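Here is a quick tour for anyone meeting this structure for the first time. Have a look at the picture, then read on.

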Amino acid sequence: MSIPSQKVSSSNKQIYQRLKQAIDLNLRRQIFIAACDDLCLRDCLAARLQAELAAEGADSISRPYPIDYPRFVSLELDVSEPNPWDSIAAWLTQHPLPRNGGSYSRLPGFQILGAEHLTRHSPAVQWSFLSYLRDIEANLQMCESTLLLWVSRPWLSSIEQSAPEFWQWRTGVFEFEGEPTPAKGDFGHSEDFGHSENFGNLRDNGDYGDQLLKYLKSSEESSIPDSPSPIPDSPSPIPDSPSPIPDSPSPIPDSPSPIPDSPSPIPDSEPATTDSKSVELADLVLAAASQELEVEDNPASEDNFLPLQTLQYIALLQEHECCSEALALAYHSLGNYYRDRILGGDSSPQNLTIAIRAIEQVIAYLELDDNSQENQPLTEECARLISQLTQNLTQYAEESHSLPPISDLINDLGTFYWMLSRDRTQQHNAADPVSCLERSIALYLEGLNRTDADSAPQTRVRLNKNLGIASADLARYQDKTENLQQAVAAYQQALLDLDPAAEPQQYAAAQNNLATAYWNLAQDGQPIVYLKSAIAAYTQALCCYSPDREPLNYAGVQNNLGTACWNLAQHEPSELLLVRAIDAYREALKYRTRELVPAAAAATYNNLGTAYWHLGNQFQQKQARTESLQQAITAYEAALDIAGQLDRTQLSFDTWAARNNLGLAHYQLATDLDFGTNKAAQTSHLEAALHHQLQVCAEWGQHLNDKGLTYGDKLNLQAPPNSQAADSRQTALSYIVKTIRAFYSECGLQGQNLALSKVPGDLLPEILRRL
């Protein structure tokens, strides 16, 4: 690894020396985090660290490391699968530890580079990296010497908040300051943009930002209307998973819908003047454009320069003191550019922030008192600029009625804040979800206050539905009951303005959201009342969803209805409710097929097995009980068969718990008093129960092996106290003991020996202790 040339300040030299000295201690399980936003400086420090530590290892008097085996290794993070533990394991596989006097040498230290590239990837990839870091306790064997993780400052904050397990194991954090570097190449050449007729080929000669900000002067105040299509309604929320039930399965509802991605600074809500906000917005746009032009394999295009071109028009309009309606139209054009990006899938906090600031400027200019400019004649230059702006930057006409109603603008602004609240990148200065949701709710309420009897019903529906969604989201953070009740009221108000015959899809979506809010309220109090309301709302939604036109939405509501019926049956035991839940799950599975949506199909099969399990335990008649348990077995087997073809991260339920439940159903059939006459079937079910219980332990062991642990390590490794996997393993061990005792009780000593012969040798000591 060559050492790049880079000037290093005295403060960074001191930090580097402290880091090097800490690594030089060569202690076990040292976890260091180095934060550096200057990639050139980072590369220089990392290369020097590797070179100096390698040289010291080779020259050591005791020579603990052979010259050909490194003391310190640099690894690049694979951003497609950002698992640092796998990278270390792969290196160790390719470079086996040499023997030193008959014993193995110590592991080398490792430094991991490349985490900064994760910000260009999807939220799923970013969260998988944090998930791997959280698994540190399962990978401590990799950390016998030293691990140094290089990150940017935003990622440092993300790790602290979203990977607390890794953060708690840290030995030290070293934060380096950025060094001054020469400016990169310019964007090309352009004419004096202050008087150019053609802005189609706008380029920056290096001082574009200074020139642009120079033109952001105060403008005369006026107002104008405007008109794009408002943001579509936000995705419908769905219920959270109910807590698991000991020794018995419990169903789960659908998983939450996807969330926006990408890190970037967020807006604050402090009041500011129109002028200061203009400067702030210009800074944000310039920073975003600069970042895009610096991205590799992203050639400059006309689309890249459209926001810069719009900023230039805004600067010229302000310089010539044009009317407020022209400025509102220009800011609206800028907001639409980023709005289209967001609707196209690039809902990064940076794009959301710029869109928010642009719409705030539109609203500010719309609300200015235009009396001061009402009788002012339009100058020739101002008229030319407005005409050029209308032709070049926006598809909307200049007429005053072309801007949208202010309630639509406020709705869009509220939705952008709502989207910002769902960012999960946890970067430095990231959005506070509570503040964003409170701001979003306030905007939706303001929008509703600005509607009246003459307003379009669609506007009130949109604002009320979005208010309900934002309130339900806020309930996850604070004042759960109060916010859920506000969500219920908002959805009910939206339904009053909806005609199910004319707008069946919107009506069904609102009923589904209302049912979900009731379902969540039921988890905290008055479950019977709220669950009955949820069932009624889900039923209404199904009346308007067509399985032919919207099969997945229809199936999703059927699944939720089944879960609500099952949940109510836990408070009011009823065979009728369980049968209704089973019917709903079976109807959902007609459209939730393993070919179309395998993960959703597996979840519904798991729920179906749970409902049959509970139904079987309510029946007193032998045949009905046996048939229900056999149906539960069939459903669980289908769920696990589908899940076996998927990655665990795609699933919304615990496959280990499902396999335990499958084993439990077999165990119950085998130990049923009415089943004792058929010894062959009884033995078969006991063997099946033992097989699935042992399979849970085997899959747990494979899970540890996949994380790079050796076969022997998995026996003594204790997972975190709240680990779902550890709970499933302990449950399986308890079931294994019960099953072996059942073998003895039903089949005698020969049956017990048969059962023990199936237990792997590594589990026998633990099983025998429990027996």
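Is Phe-110 buried or exposed? Phe-110 has a relative accessibility of 1%, so it counts as buried. Before going further, keep in mind that this is a predicted model.

Across the chain the pLDDT averages 75, and 72% of the residues score at least 70.

**Aromatic pairs**

The structure holds eight aromatic pairs, and two of them are set out here.

| Pair | Centre to centre | Angle between planes | Kind |
|---|---|---|---|
| Trp-91 and Phe-110 | 5.6 Å | 80 degrees | edge-to-face |
| Trp-150 and Phe-176 | 5.7 Å | 25 degrees | stacked |

The Trp-91 and Phe-110 pair ties together distant parts of the chain: Trp-91 belongs to helix 3 (residues 84-94) and Phe-110 to strand 5 (residues 109-113), 19 residues apart. Trp-91 is buried too, at 11% relative accessibility.

Why is the pair of Trp-150 and Phe-176 called stacked? Their planes are at 25 degrees, and planes under 30 degrees apart count as stacked. This pair also links distant parts of the chain, 26 residues apart: Trp-150 is in strand 6 (residues 146-151), while Phe-176 is in the loop between strand 7 (172-175) and helix 7 (208-214). Both residues are buried.

**The cores**

The largest nonpolar core has 131 residues, and the ones touching the most other members are Val-285, Tyr-338, Phe-416 and Phe-653. Helix 17 gives the most to this core, with eleven residues. Leaving aside residues up to four places away in sequence, Val-285 touches Pro-307, Leu-308, Leu-311, Leu-334, Tyr-338 and Ile-354. Apart from that core lies another, of 33 residues, including Ile-31, Ile-33, Ile-112 and Val-151.

**A look at helix 15**

Does helix 15 sit mostly covered or uncovered? It is mostly covered, with 16 of its 18 residues buried. Its length checks out as well: at 1.5 Å a residue those 18 residues should span 26 Å, and the end C-alpha atoms are 26 Å apart, which agrees.

Leu-467 is found in this helix, which runs over residues 457-474. With a relative accessible area of 4%, Leu-467 is buried. What does Leu-467 touch, not counting residues up to four places away in sequence? Its contacts are Ile-441, Tyr-444, Leu-445, Leu-448, Gln-486 and Ala-490. Ile-441 is 26 residues from Leu-467 in sequence, yet their C-alpha atoms are 5.8 Å apart in space.

**Around the loops**

Arg-422 sits in the loop between helix 13 (406-421) and helix 14 (433-449). Its relative accessible area is 6%, so Arg-422 is buried. The side chain of Arg-422 makes a polar contact with that of Asp-473, at 2.9 Å.

Most residues other than glycine have a negative phi. Asp-479, however, has a positive phi of about 45 degrees although it is not a glycine. Asp-479 lies in the loop between helix 15 and helix 16 (480-496), and at 47% relative accessibility it counts as partly exposed. Gln-526, also not a glycine, has a positive phi of about 50 degrees, and its place is in the loop between helix 17 (504-522) and helix 18 (527-544).

Technical notes:
Residues are numbered from 1 along each chain as its sequence is written. Side-chain values use heavy atoms; hydrogens and water are left out. Helices (H or I, at least four residues) and strands (E, at least two) are DSSP runs, numbered from the N terminus. Buried means under 20% relative accessible area, exposed over 50%, partly exposed in between (1.4 Å probe, protein chains only). Contact means heavy atoms within 4.5 Å. A polar contact is a pair of N or O atoms within 3.5 Å; within protein, one must be able to donate a hydrogen and the other to accept it, and residues adjacent in sequence count only if both atoms are side-chain atoms. The expected span of a helix is 1.5 Å times one less than its number of residues. pLDDT is the predictor's confidence in each residue, from 0 to 100. A nonpolar core is a set of buried Ala, Val, Leu, Ile, Met, Phe, Trp, Tyr and Cys residues joined through side-chain atoms within 4.5 Å. Rings of Phe, Tyr and Trp (its six-membered ring) pair if their centres lie within 6.5 Å; planes under 30 degrees apart count as stacked, over 60 as edge-to-face and the rest as tilted.
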